[in-house]
Amino acid sequence: MAVQTVESRKGMLFAEASRCLLCDDPTCSRACTAGIDCGRILRAVNFKNVKGARRRLTNPAACQNCPAPCESACRRSALDRPVSIRQTLTELAKEPLVPAEPADEQLLETQQLGVKFKNPFLLSSSVVGSNYEMVARAFEMGWGGVCFKTIGTFVPEEVSPRFGALAKEDSPMIGFKNAEQISDHTLDENLSFLRRLKADYPDRVIIASIMGRDEEEWTLLAKLMEENGADIIELNFSCPQMVGEGMGSDVGTNPELVKAYTAAAKRGTSLPVLAKMTPNITDMTVPAEAAMLAGSDGLAAINTVKSVMNVDLYSFVSEPRIAGSSCVSGYSGKAVKPIALRFISDMASDAALKDVPISGMGGIENWIDAAEFMALGCGSIQVTTAVMQYGYRIIEDMKEGMIDYLKETGAGSVSQIVGKGLPALCSADDLDRSSIEYPLFVRSRCIGCGRCYVSCADGGHQAISMTGLEGKPVMDPRKCVGCQLCMLVCPAAAIEPGRRVPKTSIKRV
């Protein structure tokens with residue numbers, strides 16, 4: 001069963017769990033007289049780790065006839081109403097209990113660029129991996145590696161504040177904007193962090209991200225990273241808010257600079273090198289090919305998307321508001337995932353880049369996001385914005401969810417899903433345009449809200465009316481074109497893909 005269908009079937013479960021505040025110290029768990037860790041279970045459901053959530057529901061019978069002290073203790077009630085924890089756990093109890101084995105962790109082991117990874121999940125080059133204490137804590141929680149925050153020979157002057165968020169309905173952060181530059185630690189401090197991390201966590205992958213201002217600096221930095229414990233070097237050709245000409249995304253949009261700086265870095269090291277690409281370009285394959293021609297061993301993508309957000313209509317300043325001004329800077333978070341997947345698939349499908357190792361990032365929050373990136377060609381996964389919003393602890397559900405998926409599909413290793421989605425991508429010219437897949441209306445789930453009717457009437461082909469029994473929708477197959485907009489807007493998961501029929505068999509009105 002496809003992941004989207006699974007999510008639709010569990011729509012109510014996910015919807016209520018998504019209201020959980022994901023507290024650091026869940027009061028609901030402390031209040032449960034049956035010893036159920038309600039907060040941890042809700043967090044697992046939030047991150048699509050349903051099987052893991054069910055395993056943690058050790059005594060589901062205890063929720064029956066329970067006065068729900070967990071809900072009385074829920075901090076969400078201070079905002080609106082408590083999470084319906086008892087109902088959510090009761091719904092979760094309907095899921096089959098799938099045991100886990102300690103040996104399952106071996107399914108996540110993989111290799112990229114000749115380097116062994118305990119698992120493919122890495123912190124990406126950003127504030128989430130910017131000193132020893134932070135990265136050590138992440139490693140203790142289970143992250144497979146880190147791409148350490150970009151190291152240079154200089155310390156930049158940063159602004160305050162430097163973040164902004166884009167909200168929608170109940171989601172406080174569907175997109176995130178930052179005006180960060182490279183590491184605000186000195187070169188010596190950063191080298192010390194790398195040495196200590198490799199000494200204390202020899203089985204974790206250390207990727208050192210670097211950025212030079214000229215060829216000599218790129219060579220020097222690459223040499224120093226190898227001497228101080230890095231396993232792989234990432235060349236940051238893509239930061240969209242660097243101050244100074246010829247740095248950041250100014251490099252990534254210039255194939256000649258990409259080629260020159262890649263070659264310069266390779267002169268300083270024998271370690272494998274990843275060239276990190278910018279999405280602020282029409283065709284990412286052009287600079288990617290330039291990097292590979294200059295000796296890069298692999299690619300990383302994407303960095304953040306240049307953006308402006310949240311213009312205050314009284315001061316007319318956008319976010320982040322820095323002493324009355326703002327600037328174009330990097331957009332990240334869940335909203336950029338489709339953009340990232342497009343660029344990843346472009347590179348993985350390019351004839352000149354075929355089989356080039358790719359480390360992917362851009363909007364990854366859970367194991368499903370990660371699996372999608374891997375299916376389109378990524379051998380490792382990097383995460384920043386989700387960690388900033390939810391913490392390092394998301395790794396537990398990413399690993400557990402991925403393991404359960406691999407076991408369910410019979411994959412012997414996480415590496416076996418890399419590139420599996422590429423054959424299904426084709427040119428728009430090659431798509432089947434001779435048939436229609438009709439929507440299937442599941443009457444037992446329909447609540448008669450009319451959302452499908454409104455969208456079809458005002459944004460579709462006027463193929464739905466609300467004339468059915470109990471005021472429920474009726475679809476006219478003579479008008480329906482199979483766009484399935486109705487399925488996307490249905491809040492009750494009451495519309496599914498239906499029968500596909502040849503266009504020649506349809507009588508239009």
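**Exercise 1.** In which sense do β11 and strand β12 pair, and over how many bridges?

*Solution.* Keep in mind that this is a predicted model. Start with the two strands: β11 and β12 (residues 329–332) run antiparallel to each other, with 3 bridges between them. Now zoom out: the open sheet is built from 4 strands, ordered β5-β6-β12-β11, with antiparallel pairing. β5 (163–168) and β11 (305–307) each have a single partner strand, so they are the edges, and one side of each lacks a neighbour in the sheet. Finally, ignoring direction, neighbouring strands here are turned by 45° against each other on average.

**Exercise 2.** Find which charged residues sit over the rings of phenylalanine 14 and tyrosine 132.

*Solution.* Take phenylalanine 14 to begin with: lysine 48 lies over its face, 4.8 Å from the ring centre. Then go to tyrosine 132, where the charged end of arginine 196 is over the ring at 3.7 Å from the centre. While you're looking at rings, the structure has 7 aromatic pairs, and one aromatic cluster consists of Trp218, Phe237 and Tyr261.

**Exercise 3.** Work out whether the radius of gyration of the protein chain agrees with that of a compact globule.

*Solution.* For 509 residues, the globule rule gives a value near 23 Å; the chain comes out at 25 Å, so the two agree. The C-alpha trace spans about 75 × 60 × 55 Å along its principal axes. Next, check burial: 53% of the 509 residues are buried. Last, look at contacts between residues at least 6 apart in sequence: 72% of them join residues at least 24 apart.

Key: Residues numbered from 1 in each chain as written. Predicted model: local features only at pLDDT ≥ 70, side-chain atom pairs only at ≥ 80, totals over all residues. Heavy atoms only, no water. Phe/Tyr/Trp six-rings, centres within 6.5 Å; stacked < 30°, edge-to-face > 60°. Lys NZ or Arg CZ within 6 Å of the ring centre and 35° of its normal. Pairing = 2+ DSSP bridges. Axes fitted to C-alpha atoms, helices over the stretch in contact; angles between N-to-C directions. Rg over C-alpha atoms; globule rule 2.2 N^0.38 Å. Buried < 20%, exposed > 50% of the residue type's maximum accessible area, 1.4 Å probe, protein only. Contact = heavy atoms within 4.5 Å.
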